[in-house]
Amino acid sequence: MKLLLLAPPGAGKGTQGERLAAEWGVRHIAAGDLLRAEAQAGTATGREIAAYQARGDLVPDQIVLDALTPAVVDAAADGGYILDGFPRTLPQARAAADLAARLGVTLDAAVYLYAPEEVLTWRLLDRASQGGRADDVADVISHRLRVYAETTGLLVPYYTERGILVAVDADQPPDSVTADIRAGLSGLRLTR
C-alpha cells in the first residue's frame, strides 16, 4: 500500500496515518516530523526549515523533496507507506510523481481529510493547551490554514483527475474517520 494523506492542520493526518500504517504493516512517514527533526538538528538546512515553520509558511519544495525521498524510497521497497503531509503543493505533487515514475513506484491512493476551519482551529488550540507544538498559536494557526487552502487545496482536483482521491469528512470521531477511509479505499479496491 502506497497512500498519501492530504489534510489541513488539525484534521487528523497523524492519527489516521498511525492507525492505517499499523493495520496494514507499512511505514507511517510524517513529513512534518521529518522536517521538525531536521530543524532541531540545528544544521544550516535545519535553521532554514525552522524559520519557515515558525512563520507557518511552507518549506521550499526542493528542501522537502530532499528530506523525504530517502524515507519514501526505503519504505516503498519494504512494502509500502502512509505518507502524511506531503505533497503540499502542485509542483511538489508533480515532482513526486515524476520521481515515483523513474523509481517504478505507483501511488495507490490519496486520502483527503476535510473539516470546517473552526473545528480545525479548536483542535490545534486544544493540542497546544496539552503541550503541543510551538506553531499551535492562534495567529500562526490562521496563517497555516490560509496557506493550506491556497496551496494544498489545489491537490484535490489533481488527484481526483488521476482517479485516486478518496475524500473523507474528518469532523467525526477517529474510529468513524478510519472506517470511512477503509470504505473509500475499498471502492478503489485497494484495502488489504
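Reader: How is the packing of helices H2 and H3 described, and why are the two called oblique to each other?

Author: In this predicted model, local features need pLDDT of at least 70 and side-chain atom pairs count only at pLDDT 80 or more, whereas totals for chains, interfaces and linings use all residues. Residues are numbered from 1 along each chain as its sequence is written, and side-chain values use heavy atoms, without hydrogens or water. The axes of H2 (residues 31-41) and H3 (residues 44-55) cross at roughly 120° and come within 7 Å. Axes are lines fitted to C-alpha atoms, for helices over the stretch in contact, and angles run from 0 to 180 degrees between N-to-C directions. Angles under 35 degrees count as roughly parallel, over 145 as roughly antiparallel, 65 to 115 as roughly perpendicular and the rest as oblique; H2 and H3 are therefore oblique to each other. Helices (H or I, at least four residues) and strands (E, at least two) are DSSP runs, numbered from the N terminus.

Reader: What is the hand of the crossing of H2 and H3, and which residues make the contact?

Author: The crossing of H2 and H3 is left-handed, a term for a near helix turned anticlockwise from the far one by less than a right angle, clockwise being right-handed. Gly32, Leu35, Arg36, Glu38 and Ala39 of H2 meet Thr45, Gly46, Ile49, Ala50 and Gln53 of H3, contact being heavy atoms within 4.5 Å. These residues comprise four nonpolar, four polar and two charged (Ala, Val, Leu, Ile, Met, Phe, Trp, Tyr, Cys and Pro count as nonpolar, Asp, Glu, Lys and Arg as charged, and the others, Gly among them, as polar).

Reader: What makes H1 and H9 oblique?

Author: H1 and H9 pack at an angle of about 60°, with axes 10 Å apart. Hence the pair is oblique. H1 passes H9 in a right-handed crossing. Among the residues in contact are Arg19 and Trp24 of H1 and Asp175 and Ile181 of H9. By class, this contact has six nonpolar, three polar and four charged residues.

Reader: How is the packing of H4 and H5 described?

Author: Their angle is about 35° and their axes are 11 Å apart, with a right-handed crossing. The contact includes Val64 and Leu65 of H4 and Ala95 and Leu99 of H5. It has seven nonpolar, two polar and one charged residues.

Reader: What is the volume of the largest pocket, and which residues lie closest to its centre?

Author: The volume is about 1,000 Å³. On a 1 Å grid over the protein atoms alone, a pocket is an open set of points where a 1.4 Å probe fits, with protein on both sides within 12 Å along at least five of seven lines; lining residues have an atom within 4 Å of a point. Grid points are joined across faces, edges and corners, and a volume is the space filled by probe spheres set on the points. Of 46 lining residues, Pro9, Gly10, Lys13, Arg127 and Arg133 are the closest to the centre. The lining has 20 nonpolar, 13 polar and 13 charged residues.

Reader: Which element gives the largest share of the lining of the second largest pocket?

Author: The second largest pocket has a volume of about 320 Å³, and the closest to its centre of its 21 lining residues are Val72, Tyr81, Ala96, Ala97 and Ala100. H5 gives the largest share of the lining, six residues. By class, the lining has 18 nonpolar, two polar and one charged residues.
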